[in-house]
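Please read them alongside the sequence and the coordinates.

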Amino acid sequence: MAHLIGAQNLLSLAGSRILLANITVGIDDGTRLGILGPNGAGKSTLMRLLSGKQAPDEGLLTRTDGVSVAMLDQADTLDPALTVVETVHPNQAEHEWASDSAVRQIHAGLLNDLDLSAKVGELSGGQKRRVALAAQLTKQADVLFLDEPTNHLDVEGVDWLITYLKERYPLSGPHAKGALVVVTHDRWFLDEICTRVWEVVPGVDPGYGRPQIPGRIEQYEGSYAAYVLARAERARQAATAASKRENLLRKELAWLRRGAPARTSKPRYRIDAAEALIADVPPPRDQVELVKMATARLGKDVIDLEDVSFSYGQGADAPSAPAETGTKALFDHVTWRLAPAERVGIVGVNGAGKTTLLRLMQKQLEPTQGRIKHGKTVQIAVLSQSTHELDEVSHLRVVEAVNEVAPIIQVGDKEITASQMVERMGFTKERAWTRVAELSGGERRRLQLMRLLMGEPNVLMLDEPTNDLDTDTLAAMEDLLDSFPGTLIVVSHDRYLLERITDHQVALYGDGKVVDLPGGVDQYLQRRRADLKAGLSEGIAEGDSGAGTLVKDKARISSSAQQRLAQKAVARIDRSMDKVQKQIDKLHAAMEKASAAIVENPEKVDELTQLSKDLKAAEEQLEQLELEWLEASEGLE
């Protein structure tokens, strides 16, 4: 294999802190490399050093003559004034890129629903991310660096990217050329794509004038599953005192080996070694005990959806529109009963109503037909995609913010204090006493989940819970949720998480139904591929040398004036929703202050009453905008 990039004794500083030191590594043809490590360890810095985007403070970086490099940054660096097509294909005429079957494949996978003439500044965050990814993929570079490429991609998008990268960077044969380097927290993606793993171990500053211990790289051969095995084996052989860490690794390895059908049929690591290491590890969850505990807390009734329909543009009391009027229901006569200790994952196409379904189950939305019934003892907690609620406790330290909810909770057969909970979720003693206002995005996410769990809900809803979390924190979160004695409902694009913490999945295909998936996420993807193939069969290029490549049906997509109008409407409504949400956040903060002041100043009651009215009006406005968004987004499908 040809050598592409080499690094010798690289040193990188972050201010006065030594981030990485003595880094000597190489990248060869046929390499598919995954870079892991906790937040702040230096993963993105290492990638920028190797790609040449950042110069090292010391050391030597070499690149073989003629080797081209492309890199997807984690941050958005796109020019908002350019159009989508100008961003993806700078200085290229349409006939130049449209004649390339590989480029058309990228368009079909990432840009199929976008107006290529739209300005980048008008796109949503997820759309911008896909444009940035497409811009790097179309460069056809010898070495491709991707920093968090699965951010904002749904399950289908991640599946498409896995397939595309495997074809582009084969591991053997005459076409095994080029290399792929990925920084990601998506463990399913890692396990499918990578054949080598580098773990960035963060440095330590012991203080008191003692020398810093710089960050380093631990190298592992094989996929993510092989990395987990090797890491656990290293910890066992070293007989370290970090028994909790080792046990956590062993538990995750046990799931990798025994849990998912895709892995038990074709494990990518030494089966004998894995089975020996996990021989005495119990299943991740004691399902019988959890059901027993959940039934005691919830009774037999949890959440029932009985003949529920929900249609665009209809009020809570409006009857369901007949089919002949052309009004399409988001949900059409759905009956679904959630049981105590049921653990269900929800996947679905964009605009099919995943978040709306959660809001219906919370009774934040009223169905246009049917009813939603809660058990008498149901206590719902929701982990939303935003962490704005932590602004109210920004002055507290992490331990104090958790202790404020409850000093002790019962998890399984054990009592856990607030400080123990903080430790389990990866906060060191120093970080545990950091003010909430100073936390990173990933740390805020962990704190948000801990505060929810300390409230001891018996129904927990998680809406995209993996945002900003590294792999170790995700494993700790999953370990904690294994002992959650209640009903768990998860909406996520993270396939690994879905199959790890839920017992079954359901799908929303946009046809108004909630469909059970006995075959898991694989079954969902198989149907979506079949639907896509049927929908685009007329767009297959006849006689093209890239037979089977999907081609955009221009009459149906990019040239459709109706879809362009829908795109603009969605962007406009998105901006309006952001403004109203900010207004709601300000009203919540004002009500908090007014409530605290009533004790000393009873006249504040009138102010609080007015704020409450304003909040209700704003929430109704947001609800109406959400309905408009759903209706507009239907035009994009």
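1. In helix H4 the buried residues are Ser101, Val103, Arg104, Ile106, His107, Ala108, Leu110 and Leu111, where buried means under 20% relative accessible area, exposed over 50% and partly exposed in between (1.4 Å probe, protein chains only). H4 spans residues 101-111 and is mostly covered, with eight of its 11 residues buried; helices (H or I, at least four residues) and strands (E, at least two) are DSSP runs numbered from the N terminus. The buried residues of H4 pack against H2, helix H3 (94-98), helix H5 (125-137) and H6, a contact being heavy atoms within 4.5 Å.

2. This is a predicted model, in which local features need pLDDT of at least 70 and side-chain atom pairs count only at pLDDT 80 or more, while totals for chains, interfaces and linings use all residues. Residues are numbered from 1 along each chain as its sequence is written, and side-chain values use heavy atoms, with hydrogens and water left out.

3. For the protein chain as a whole, the secondary structure comes to 22 helices and 20 strands, and buried residues make up 50% of its 637 residues. Among contacts with a separation of 6 or more, 73% join residues 24 or more positions apart.

4. Leaving aside neighbours within four places in sequence, Met361 is in contact with Ile303, Leu305, Trp336, Leu338, Ile372, His374, Ile380, Met461 and Ile489.

5. How many cavities of 30 Å³ or more does a search of the whole structure find? The search finds six, a cavity being a set of points, on a 1 Å grid over the protein atoms alone, where a 1.4 Å probe fits but cannot get out. The largest cavity has a volume of about 50 Å³, with grid points joined across faces, edges and corners and the volume taken as the space filled by probe spheres set on the points. Its lining residues, those with an atom within 4 Å of a point, are Val155, Val158, Asp159, Ile162, Asp186, Trp188, His493, Arg495 and Leu525. Helix H6 (residues 155-168) provides the largest share of this lining, four residues.

6. Asn22, in strand S2 (residues 17-28), has a positive phi near 55 degrees and counts as exposed at 61% relative accessibility. Asp307, in strand S10 (residues 303-311), has a positive phi of about 50 degrees and counts as partly exposed at 32% relative accessibility. Most residues other than glycine have a negative phi.

7. Gln74 lies in the loop between strand S5 (69-72) and helix H2 (84-88), and is partly exposed, with a relative accessible area of 45%. Not counting residues up to four places away in sequence, Gln74 touches Ser44, Arg129, Asp147 and Glu148. The C-alpha atoms of Gln74 and Val183 are separated by 9.3 Å, although these residues are 109 apart along the chain.

Conventions. On a 1 Å grid over the protein atoms alone, a cavity is a set of points where a 1.4 Å probe fits but cannot get out, and a pocket is an open set with protein on both sides within 12 Å along at least five of seven lines; lining residues have an atom within 4 Å of a point.
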